[in-house]
Amino acid sequence: MTLTTEPNDTELLRQVHAGQAEAFTALYRRHQGPLYRYALLRCGSGDAAADIVQEAFMGLLTGRLGYDPLRGQLQHFLFGVARKLALRLDEARQRHLPLPEPLDDEGEPELDAASDVAGPLARLLDNEVAEAVRRALSLLPPHYRDPVILYELHDLSYQEIATVCQVDIGTVRSRLARGRQALARRLQALQSAPSHDARLAQGR
């Protein structure tokens with residue numbers, strides 16, 4: 001029996017640029033899911049996430065993005081593209097909406113990103129309270145949201161997150177730790193707040 005192996009991203013991209021549509025379909029199926037999941041949690045909107053995924057893949061198809069396989073994995077490159085597109089959306093939203101409560105990076109001691117908060121948060125991102133997690137994530141400043149999503153959901157290393165977010169590893173560690181703690185606080189606040197139905201019942 002002959003074993004066949006799937007072509008890697010570099011080979012598929014070569015085929016894409018040679019005009020082979022099925023290669024683009026294979027790339028899309030391989031990377032669309034993780035990219036959409038990141039964009040959805042990053043933006044909090046399914047429509048915005050779909051637009052980001054479409055724009056990223058169209059840039060890849062046309063060669064406009066200029067991906068270089070020697071500089072890193074395609075998935076991480078696409079995360080970086082999605083992050084930049086999300087930042088563009090953030091800038092547009094900030095013209096019309098109040099900013100979330102700031103969490104200052106300056107003047108605080110560096111925290112250990114491997115704190116015991118990590119385990120519970122990682123589980124929360126995949127269990128029945130995922131909607132509450134999405135809401136809590138949407139309240140975090142983007143520079144905390146990115147490392148939490150990339151580390152907890154996509155298993156990127158500190159170095160890979162640093163590359164995607166274009167910061168140094170120390171900043172990744174600090175933001176990840178503070179982002180986890182801020183997310184835990186916001187989750188606790190959301191879960192302790194009475195629901196709309198409960199408030200209606202109390203008013204009867």
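Guide: A quick definition before we start: a helix here is a DSSP run of H or I, at least four residues, and helices are numbered from the N terminus. Also, this is a predicted model.

Visitor: Which helix gives the largest share of the lining of the largest pocket?

Guide: Helix 4, with 7 residues. To count as lining, a residue needs an atom within 4 Å of a pocket point. The lining has 20 residues, and Phe77, Gly80, Val81, Lys84 and Gln166 lie nearest the centre. Helix 4 and helix 8 (158-165) are the elements that give two or more residues to it. The space in this pocket is about 570 Å³.

Visitor: On to helix 3. Which of its residues are called buried, and why?

Guide: Buried means under 20% relative accessible area. Ala48, Ala49, Ile52, Val53, Ala56, Phe57, Gly59 and Leu60 are buried, so each of them falls under that cut-off.

Visitor: How do you know that they line one face of the helix?

Guide: Look down the axis of helix 3: the buried residues fall within an arc of 160°, so they share one face. Among what covers them are helix 1 (9-17), helix 2 (21-43) and helix 4 (74-94). Turned away from that buried side are Asp47, Gln54 and Thr62, which are exposed; that label takes over 50%.

Definitions and conventions:
Residues numbered from 1 in each chain as written. Predicted model: local features only at pLDDT ≥ 70, side-chain atom pairs only at ≥ 80, totals over all residues. Heavy atoms only, no water. Buried < 20%, exposed > 50% of the residue type's maximum accessible area, 1.4 Å probe, protein only. Arc of directions from axis to C-beta. Contact = heavy atoms within 4.5 Å. 1 Å grid on protein atoms, 1.4 Å probe; cavity = no way out; pocket = protein on both sides within 12 Å on 5 of 7 lines; lining within 4 Å. Points joined across faces, edges and corners; volume = space filled by probe spheres on them.
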